[in-house]
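Reader: Hello! Could you walk me through the helices and loops of this model, with the cut-offs behind each term?

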Amino acid sequence: MELKGKTAIVTGAARGIGRGIALKLAHAGANLALVDLGNPADSALTYNLAAQTDLLRAVEEANALGVKAVPILADVTRSADCERMAAETVRQLGSIDVLVNNAGIIAVGLVADFSEEQWDRVMAVNAKGPFLCSKACIPHMLRKKEGAIINTASIAGKTGRAGASAYCASKFAVVAFTQALAEELGPSNIRVNAVCPGPIRTPMLSRLMQFTRDAEQRMVRSEPLKRLGEPEEVGETVAWLCSDRASYVTGLPMPVDGGFFAQ
Ligand code: NAD
């Protein structure tokens, strides 16, 4: 699929990896619906999510690259918000060719201490969110007879880690959902892939590093490339997966992890 002039929805686009993906898709010429919560406070979390001003700044940055970008406030855990997101995108930008399910949260703690509220919220945003957004967008995408869905999973979707049970479970779910949906939508020429980032320099990771002070050094030490990744590097991979250059690639959980799984 040639991205120039096509329409992409990116969730969790106000900052971090979502913003990096949005700017790479804008570079490739895609018009964008940039979706985020617009409310930094989430009672299940110990860090702040993005503010509405972050979303508007990301929209301005994308518009400055010469495409049409619009902001949409939506909570990906609410089906009515996801339906509105899809309808607003079609109304303002004309179609939905690409959906990037990127919004995600993390809560850490040992299972014995972890609250049910935290478990439910992590699963709702990370695992149910991609389902609800896909369900809302697929009917619009089927009309075009081509398209791409990319889900942001994680290296935590390929291996479990102590202290991150809910997050790992939610990301394993994202990988399985990606493979199942790829099989469902392949005959309709809609490819479905996931990216599995390693440690990427974003506000979410900063929060995690405060939790374990030497985490950055440990993470970087365990990787062949010996550095954190940047949001734009995930964005570049997503843009490739959406494009014609990946026309025979579907159902792939693609690592973008500095070689984390190479050892
Ligand atoms: P981030 O916290 O910087 O950005 C996440 C964005 O999602 C924020 O703008 C936030 O406001 C938004 N969001 C949260 N809940 C939402 C909801 N219910 N509805 C709509 N938007 C919501 O985090 P990030 O590091 O950029 O993470 C982006 C994605 O990448 C997540 O799915 C995360 O799990 C995944 N990931 C991150 C890393 C990393 O090292 N940073 C590694 C692997 C995977």
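Author: Gladly, and burial comes first: buried means under 20% relative accessible area, exposed means over 50%, and partly exposed is in between, with a 1.4 Å probe and protein chains only. Helices (H or I, at least four residues) and strands (E, at least two) are DSSP runs, numbered from the N terminus. The model is predicted, so local features need pLDDT of at least 70, side-chain atom pairs count only at pLDDT 80 or more, and totals for chains, interfaces and linings use all residues. Residues are numbered from 1 along each chain as its sequence is written, and side-chain values use heavy atoms, with hydrogens and water left out.

Reader: How far apart are the end C-alpha atoms of α1?

Author: The expected span of a helix is 1.5 Å times one less than its number of residues. For the twelve residues of α1, residues 16-27, that should give 16 Å, and the model agrees, with its end C-alpha atoms separated by 17 Å.

Reader: Which residue just after α1 takes a positive phi?

Author: Most residues other than glycine have a negative phi. The residue just after α1 has a phi of about 95°, and it is G29.

Reader: Is α1 parallel or oblique to α8?

Author: Axes are lines fitted to C-alpha atoms, for helices over the stretch in contact, and angles run from 0 to 180 degrees between N-to-C directions. Angles under 35 degrees count as roughly parallel, over 145 as roughly antiparallel, 65 to 115 as roughly perpendicular and the rest as oblique. The axes of α1 and α8 (residues 231-242) are 7 Å apart, at an angle of about 50°. That makes α1, relative to α8, oblique.

Reader: How many nonpolar residues are in the contact of α1 with α8?

Author: Contact means heavy atoms within 4.5 Å. From α1, the residues include I17, I21 and L25, which meet a set in α8 that includes V234, V238 and A239. Ala, Val, Leu, Ile, Met, Phe, Trp, Tyr, Cys and Pro count as nonpolar, Asp, Glu, Lys and Arg as charged, and the others, Gly among them, as polar. The contact of α1 with α8 holds three polar residues, four charged ones and, for nonpolar, eight.

Reader: What is the handedness of the crossing of α3 and α4?

Author: A crossing is left-handed if the near helix is turned anticlockwise from the far one by less than a right angle, and right-handed if clockwise. Helix α3 (residues 79-93) packs on helix α4 (residues 116-144) at about 35°, with axes 8 Å apart. Among the residues in contact are M85 and V90 of α3, with L132 and A136 of α4. The crossing is right-handed.

Reader: And are α4 and α5 oblique or roughly parallel?

Author: Their axes come within 8 Å and cross at roughly 15°. W119, F131 and L142 of α4 are among the residues that make the contact, as are Y167, F177 and L185 of α5. The contact divides into 16 nonpolar, four polar and one charged. The angle therefore makes α4 and α5 roughly parallel.

Reader: What distance does α5 reach from its first C-alpha to its last?

Author: α5 has 21 residues, with 30 Å expected at 1.5 Å a residue. Its reach in the model is close to that value, at 30 Å.

Reader: Is K145 buried or exposed?

Author: K145 lies in the loop between α4 and β5 (147-152). Its phi is positive, near 60°, and the residue is not a glycine. Because its relative accessibility is 61%, K145 counts as exposed.

Reader: What is the relative accessible area of N189?

Author: N189 sits in the loop between α5 (165-185) and β6 (190-197). It has a positive phi of about 60° although it is not a glycine. N189 is partly exposed, with a relative accessible area of 43%.

Reader: Last one: how far apart in space are N31 and I9, C-alpha to C-alpha?

Author: N31 belongs to strand β2 (residues 31-36). Leaving aside neighbours within four places in sequence, N31 has contacts that include T7, A8 and L93. N31 and I9 are 22 residues apart in sequence, and their C-alpha separation is 8.7 Å.
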